[in-house]
Amino acid sequence: MEGSTGTTFDTVIRGARVFDGTGSAPVTKDVAIRDGRIAAVGEGLASGREEIDADGLWLMPGLLDIHTHFDLEVELAPGLPEAVRHGSTTVVMSNCSLGLAYGNQRRDGADPIVDCFARVENVPKHVLTKVADAVDWSDSAAYLDHFDGLPLGPNVVAMVPHSMLRIEVMGMQDSVERDPTEAELAQMERLVEKGMTEGYVGFSTDSLPFHFLANQPNVRKQIPTQFAPYRELKRLTNVVRRWGRVWQATPPKDSKVGVFRNFLLTSGRLFGKPLKVTAVAAIDLAMNRSILKMGLLLSRLLNSRLVGGHFRFQALPARFKTWADGVITPIAEEIPALRRLNECDLEDRASRQRILADPEYVTDFRRMWYHGRHGFNLARIKHWLRMDDNVLSRDLADMTIDDCPVAEWRGETMAAVRERLLVWQHDGSGVRSEAEAETFASFPQAPDEADFFLHLLRRFDTDLRWWTISANRDMAVVEELLFNPKLLPGFNDSGAHLTNMAFYDGNLRMLKIAQRHGEAKVAEAVRRLTREPADFFAIDAGRLEPGAAADLLLVDPKTLAAWEPEATYQYIWRDAFQHHQLVNRSEGVVRRVYVAGHCAFADGAFTPDFGCKPMGRLLRNRDHEAAQAVDTATRVAA
């Protein structure tokens, strides 16, 4: 037994099955908390001011969400409730080159937070404007310091974001029009170096070619990081390498040579020291199964002795289910014909209607819709072989209506609605309501799939809400990815895509997948969701041992086993955003969440102090924090 029977603790959690995050088999023990840290783990511990009977429950370190865009929400609702209610007590922000490290950067008429986040992360402009208005810093050190004044729910972790770095040095317009001068590149190096000295855990970039800016005159230009030449990436990541920090990246997916060249920067053989790299994403695309195979092969090569890298793709613990409001959805940005509609502001229905009425656009749309699906050509062969270039299947049977003005269509595939329309047009039968009859009467005669979908967009615009599963349909493959030691569970994109995606429960889904195989597999999953990513990012998190921060999660395994994740999505109104948000609610699975010893969530409700008093904190690189602690102790002793 560890701890003293004569000591009184703040909280004692008694009789839980304890998963300590090491991967070791669970044991039934008591855990005591005092002054925000775990004071003892054992049996027969002294009493606490708060006593929790955890018989039959799992106790584990708070989970890490390693790929989020909570940079935005944390400024408006610092409690980050959708993270905490799912047991995530530490979130990594500033992914994909986007963040707030340099303030709102509103210079020369530019509004970079709005411009960069709106389409890439599908966050409405009025929400982004509210965030930018709240910013009162202009320096990377001040950004980290400002978290001391926020009533954080979970711990937050920040990286230096490349797009914002380029804007800071080059200005918004030049950052998307030209390469940096030598003086500008040297200044970028100095700012990354400065960030490392301040304790940032890493540096993030982005190369996905469908990430576009949202403000004129740049709606057809990608975000600034995508204009960086290879020599810029190499020099900036060399700073990160020297400090032993993390480079978070996405691949230039349209260039196999570019993917290999960029990710070869992880090599210790070539560059003297491995660079820790985590990349989006190991995902099983329904329309192109070869991408995953090539990604896994690349991962094996980069981590081999030949290359000597330290490379981890991120894996999503769920089916890749995405919602669309009309055509406003992240997967539409990949397809030029759909991207044209996304270039319009969310509220600008008139512009979308003008585009949809343009005969030339209709021709382009139809060409896109049937590309690879008719005739005998290379595109058709690739389609047969499931090697399509795009994520969207363009199959109405894969597109399910979630909501629209015709209530009877909710829950039906678009293919089913079209088939009923064709029957009604043929003999007048099968109509189920006046609203459906009126809508059917507005269609052209015998529309094919492309014309049917175009007509829906013209008639309903964003009032048509639908979803599709474009990747990770085979959960057996998902399970293999989650437990692949050369991958990291993550890529939840929490805090982004407010109405399009909701993987806040991704970590709990992984626990559920593991639960089917027994406690040993659960212990492995807990390690993969706690200690392993904490060590990769080198932060003080993910441990359940005396002296560790008391970031803890109590899970009810019986409720977890009965939970059906695909049935718990909700579309709610968030006052903090003045906008709707898609969420998921795993009611009863998470029984309690502690952050630094503070109970943040208990029995289905947030505690009174949550969001009002600080619980979590900014986590800097572990070595930086250790050095700061030594420096503080030295000053006190002097």
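This is a predicted model: local features need pLDDT of at least 70, side-chain atom pairs count only at pLDDT 80 or more; totals for chains, interfaces and linings use all residues.
Is His162 buried or exposed? His162 counts as buried because its relative accessibility is 0%, where the cut-off for buried is under 20%.

**View 1. His162 and the residues around it.** His162 belongs to helix α6, which covers residues 162–170. Look for Glu232 here: its side chain makes a polar contact with the side chain of His162, at 2.7 Å. Setting aside neighbours within four places in sequence, His162 is also in contact with Ser97, Phe203, Ser204, Thr205, Thr225, Ala228, Leu233 and Leu236, as well as with Glu232 itself.

**View 2. The largest pocket.** Here you are looking at about 1,200 Å³ of space. The lining has 48 residues, and those nearest the centre of the pocket are Leu208, Pro251, Lys253, Leu285 and Ile291. Which classes of residue make up the lining? There are 28 nonpolar, 11 charged and 9 polar residues.

View 3. To get your bearings, find α3 (112–120), α10 (256–263), β12 (276–282) and α12 (290–302), each of which supplies at least two residues of the lining. Which of the elements gives the largest share? That is α12, with 9 residues of the lining.

**View 4. The second largest pocket.** This pocket has a volume of about 480 Å³. Its lining is made of 25 residues, with Pro124, Asp325, Ile328, Leu346 and Thr462 the closest to the centre. Sorted by class, the lining of the second largest pocket holds 11 charged, 8 nonpolar and 6 polar residues.

**View 5. The β2–β3 hairpin.** Strand β2 (residues 27–34) runs antiparallel to strand β3 (residues 37–42), and the two pair over 5 bridges. How many residues lie between β2 and β3 in the hairpin? There are 2, and Asp35 in the turn has a positive phi of about 55°. As you trace the strands, keep in mind that side chains in a regular strand alternate between the two faces of the sheet.

Methods. Residues are numbered from 1 along each chain as its sequence is written. Side-chain values use heavy atoms; hydrogens and water are left out. On a 1 Å grid over the protein atoms alone, a cavity is a set of points where a 1.4 Å probe fits but cannot get out, and a pocket is an open set with protein on both sides within 12 Å along at least five of seven lines; lining residues have an atom within 4 Å of a point. Grid points are joined across faces, edges and corners, and a volume is the space filled by probe spheres set on the points. Helices (H or I, at least four residues) and strands (E, at least two) are DSSP runs, numbered from the N terminus. Ala, Val, Leu, Ile, Met, Phe, Trp, Tyr, Cys and Pro count as nonpolar, Asp, Glu, Lys and Arg as charged, and the others, Gly among them, as polar. Two strands pair if DSSP finds at least two bridges between them. Buried means under 20% relative accessible area, exposed over 50%, partly exposed in between (1.4 Å probe, protein chains only). Contact means heavy atoms within 4.5 Å. A polar contact is a pair of N or O atoms within 3.5 Å; within protein, one must be able to donate a hydrogen and the other to accept it, and residues adjacent in sequence count only if both atoms are side-chain atoms.
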